[in-house]
Amino acid sequence: MQTNESSQDSEIKHVIRSLCMMNNRFMNFMLDDNKEAAQVFLRIILGDDKIKVKNIRIQSFIQNIYGHSSQLDILAQDSKGRYFNVEVQRSDEGAPARRARFYSSILDTHFLQPGKLYEELPDTYVIFITENDVLHDNLPLYNIRRRIDENAKCFEDGSHIIYVNSQRRDDTALGKLMQDLYCTEPKNLHYHEFAERMEFLKYSKEGEAKMTDVIEEYAAKKAEAVAKEAAKKTAQARNVELAKDLLSEGESIERTVRLSKLSEAEVRELASKLSA
């Protein structure tokens, strides 16, 4: 028989091994200090195999003393000085157009240092990888640029917003990348840059130890679920006792249902037991 400790350890392993990169916490661990994997992402999404990632940070907090601050999932810089913010959004509500606009603007204010010319403002890319097709045109990729209405020419200000529809998982390079985002087993990944890191995180003691916050988040959610279930059972027991009291005092089935919040079937079953 498994001890509680070994049972809990087995459960934790199961949770870790069920994670995929569409879980933004796990994505952070996959790309943390992993320039090669970040390059795969950016090269495929931008269609540029010359991108060379110079540095990468996860969960970058950008303070805005005059307004809303931001926590960026992934922030990378390439050898040309361009900045790339990658956000994984499973909820449609997490990827509105104005959030993309805000992230683009906060990158601008953060990376143009005092005394620098506007021409020195680096190019920025805000990339939302979404679980659903939030822009609803069934495209795998949406490149969003400013445009001059009168002549339809692009207004080249160096800002780029890209939405990636992860539902499009075909046999193209981008489609295979999207397949990898939902993959939970290293051996089934298309890109070895992801496979090596996933193998380390899921199947080594050192990797599991790195993911303590994922485990803590899981434990917190489980504790919350247990507490909710206990509260539900307590409320049910209280409602049953109230219904028994009401029925014993001669209240009608209809009024007992209304006051006890039990279903009519539950109240009728209690009434039949009391009259037996």
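## Around Ile45

Leaving out residues up to four places away in sequence, Ile45 touches Ile127, Ile129, Leu141, Ile162, Val164, Leu174 and Leu177 (a contact being heavy atoms within 4.5 Å). Keep in mind that this is a predicted model: local features need pLDDT of at least 70, side-chain atom pairs count only at pLDDT 80 or more, and totals for chains, interfaces and linings use all residues. Residues are numbered from 1 along each chain as its sequence is written, and side-chain values use heavy atoms, with hydrogens and water left out.

## Nonpolar cores

Ile45 belongs to the largest nonpolar core, which has 44 residues; Phe41, Ile45, Ile127, Ile129, Leu177, Leu181 and Phe194 are the ones that touch the most other members. Helix H3 (residues 35–46) gives the most to this core, with seven residues. There's also a second, separate core of 16 residues, with Ala95, Tyr103, Ile106 and Phe128 among them.

For the terms: a nonpolar core is a set of buried Ala, Val, Leu, Ile, Met, Phe, Trp, Tyr and Cys residues joined through side-chain atoms within 4.5 Å. Buried is under 20% relative accessible area, exposed is over 50%, and partly exposed is in between (1.4 Å probe, protein chains only). Helices (H or I, at least four residues) and strands (E, at least two) are DSSP runs, numbered from the N terminus.

## The cavity

On a 1 Å grid over the protein atoms alone, a cavity is a set of points where a 1.4 Å probe fits but cannot get out, and lining residues have an atom within 4 Å of a point.

Leu31, Ala38, Phe41, Leu42, Ile74, Ala76 and Val86 do the lining. H3 supplies the largest share, three residues, and H3 and strand S2 (70–78) are the elements that give two or more. By class, that's seven nonpolar, no polar and no charged residues.

## Salt bridges

The count is 12 salt bridges, each a side-chain nitrogen of Lys or Arg within 4 Å of a carboxyl oxygen of Asp or Glu. Glu264 and Arg268 pair up at 2.9 Å, N to O; both sit in helix H10 (residues 264–275), four residues apart, about one turn of the helix. Glu264 is partly exposed at 44%, and Arg268 is partly exposed at 42%. Elsewhere, shared partners join Asp48, Asp78 and Arg82 into one salt-bridge network.

Asp49 and Lys50 also form a salt bridge (3.4 Å, N to O), and both are exposed.

Methods
1 Å grid on protein atoms, 1.4 Å probe; cavity = no way out; pocket = protein on both sides within 12 Å on 5 of 7 lines; lining within 4 Å. Nonpolar A, V, L, I, M, F, W, Y, C, P; charged D, E, K, R; others polar.
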